[in-house]
Amino acid sequence: MGRDMLGRSIASALTAIISVAILLFAGLGVLIYMPDSPLPDHWNPAKPLVINDPVNMLTDWKLARVLANGALCKATLATGATYNTQPEKIDGPRCGITDHISLQRIGNAQIKPVNTRCQTALRWAMWTTHDLQPKARELFDQDIREIKHFSSYNCREIRTSAGSGGRMSTHATAEAIDVAGFVLQDGTSVDLKRDWSGATSKSAFLRHANTSACKWFRVTLGPNYNALHADHFHLQHTGWGLCR
């Protein structure tokens, strides 16, 4: 085969591939944006995130989009949690809460009302819905009735084993929540400080809670991190991916 003929054959093949790709993308665009699209909402990038939707490869992308917008965050949080919107809180130049809400419930799990950022609450809701509740059903054959916490907002500096860290804590802007334990539907308590060690179902649940939180939060610190976290998980909306 001569060079000219080979060149024409390659050009024809590339043209065919590009044409097929264009048709595929056009067809996908129709599926995505048509009013009665057969594409399930959780697989449709044009549809908003819903907390109870199955997790797939689009979930992280949808979640990142929602977390960047306070109004979208609150609308999404309402699909799987109960909260009241609060006015912006300002406590001086270094403390306060934007996208301020008071969270009372995630799905069927009650929470002592906690003032926090919507973004922190939404990450908490995704973790509870997709990891905590399924694991509770697997290990205990029942749901979590209540999630216990040590609050979210606290205008203070970082605490270290050597004392104050000098920098402001993420709690000063409600970008973290400290979770201390859980109560199951039958009243059984799962307490981080008491039940972390050992080879019990409660310990297995808490260790799963620790590792699975790393999927949803940018920073997760628990008893394996240091003694200051022996009784709670520090779960943070912002950060660089620390998981301990």
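The link between cysteine 73 and cysteine 118 is left-handed, with -105° about the S-S bond. Its sulfurs sit 2.2 Å apart, and a disulfide here is any pair of cysteine sulfur atoms within 2.5 Å. Cysteine 73 belongs to helix H3 (residues 70–77) and cysteine 118 to helix H4, so the bond ties together parts 45 residues apart in sequence; helices (H or I, at least four residues) and strands (E, at least two) are DSSP runs, numbered from the N terminus. Both cysteine 73 and cysteine 118 are buried, where buried means under 20% relative accessible area, exposed over 50%, and partly exposed in between (1.4 Å probe, protein chains only).

All of this comes from a predicted model, in which local features need pLDDT of at least 70, side-chain atom pairs count only at pLDDT 80 or more, and totals for chains, interfaces and linings use all residues. Residues are numbered from 1 along each chain as its sequence is written, and side-chain values use heavy atoms, with hydrogens and water left out.

The count comes to three disulfides. Cysteine 95 pairs with cysteine 155, S to S 1.9 Å, and a torsion of about 75° makes this disulfide right-handed. Cysteine 95 is buried at 6% relative accessible area, whereas cysteine 155, at 40%, is partly exposed.

Cysteine 214 bonds to cysteine 243, also with S to S 1.9 Å, and 75° about the S-S bond makes that link right-handed. Cysteine 214 lies in helix H6 (residues 201–216) and cysteine 243 in strand E13 (residues 242–243), so parts 29 residues apart are tied together. Cysteine 214 is partly exposed at 22%, and cysteine 243 is partly exposed at 39%.
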